[in-house]
Structure formats: structure tokens, C-alpha cells
Amino acid sequence: QVQLVESGGGLVQAGGSLRLSCAASGSIFSINAMGWYRQAPGKERELVAIITSDDNTRYADSVTGRFTISRDNAKNTVYLQMNSLKPDDTAVYYCNANILRYGWGYSNYWGQGTQVTVSS
């Protein structure tokens with residue numbers, strides 16, 4: 001089994017910062033890409049940022065220059081540093097990882113989600 005556990009969400013004023021973390025655990029052989037998605041009420045889930053195993057990154061246009069994704073491969077953890085937060089960033093943030101398990105092929109796994117609320 002594989003689990004992704006997120007932490008770091010909360011309530012912050014516009015212009016503030018938050019740092020999300022997501023740790024993967026279980027029978028993991030290797031992790032390919034890791035990423036963050038978000039879903040606001042009444043909207044579809046959207047990609048926020050993604051980082052490959054060799055640290056190439058890609059961001060949604062709406063967060064470029066404000067958010068930074070990084071990973072610690074030794075800890076199987078991905079981070080999302082969010083600066084200059086706006087009310088439009090309010091959403092549930094989900095971690096995603098493409099993981100190779102011992103004896104299995106690559107599969108996508110999701111965290112349970114963490115709420116980020118930005119007040120104006």
C-alpha cells in the first residue's frame with residue numbers, strides 16, 4: 001500500500017504565505033513525477049505545479065512567480081511554497097505522485113487534500 005499525507009494548509013490573509021508538504025510512504029520503489037492540484041467549490045480540479053524526478057518543473061499560469069514546488073527524494077516528500085496568496089487561491093489542495101511499487105507498475109496516487117483559505 002502507498003499513502004500520501006498532506007499538511008500545511010490553513011487560513012491566511014491575502015498577501016501571506018503558506019507551505020504545503022506531502023509525504024509518500026509504503027512499499028515504494030521509486031517516484032516519478034509529483035505534483036499539486038487544487039479544486040475550488042463549483043470548479044474542476046486543476047493542475048497547480050508539477051516536478052519530475054530530475055527536478056524539471058511546470059506551473060499553472062495563475063501561480064507562476066508566486067508558488068514554488070520542490071521535492072526531497074530522500075524523504076519521498078514534495079513541497080509547495082505559496083507566496084503572495086490571493087483569495088482566488090482558496091481551494092482544497094491535493095498532492096499527486098506517480099509511484100512505482102515493489103512488484104507493481106507505476107500508478108498515480110492522491111492525498112486526502114488540505115484546505116487553503118485566503119481572506120481578503
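## Nonpolar core

A nonpolar core is a set of buried Ala, Val, Leu, Ile, Met, Phe, Trp, Tyr and Cys residues joined through side-chain atoms within 4.5 Å. Buried means under 20% relative accessible area, exposed over 50%, partly exposed in between (1.4 Å probe, protein chains only). This is a predicted model: local features need pLDDT of at least 70, side-chain atom pairs count only at pLDDT 80 or more, and totals for chains, interfaces and linings use all residues. Residues are numbered from 1 along each chain as its sequence is written, and side-chain values use heavy atoms, leaving out hydrogens and water.

The largest nonpolar core holds 31 residues. Trp36, Leu80, Met82, Tyr93 and Ile99 have the most contacts inside it. Strand β9 gives the most to this core, five residues.

## Aromatic pairs

Rings of Phe, Tyr and Trp (its six-membered ring) pair if their centres lie within 6.5 Å; planes under 30 degrees apart count as stacked, over 60 as edge-to-face and the rest as tilted. Phe29 and Tyr102 have ring centres 5.3 Å apart and planes at 80°, so they are edge-to-face. Both residues are exposed.

In the other pair, Tyr37 and Trp110 have centres 5.0 Å apart and planes at 65°, so this pair is edge-to-face. Tyr37 and Trp110 are 73 residues apart.

## Charges over rings

A charge sits over a ring if NZ of Lys or CZ of Arg is within 6 Å of the ring centre and within 35 degrees of the ring normal. The charged end of Arg19 sits over Tyr79, 4.1 Å from the ring centre. Arg45 lies over the face of Trp110, at 4.6 Å from the ring centre. Trp110 is partly exposed, at 40% relative accessible area.

Methods. Helix = DSSP H or I, 4+ residues; strand = E, 2+ residues; numbered from the N terminus.
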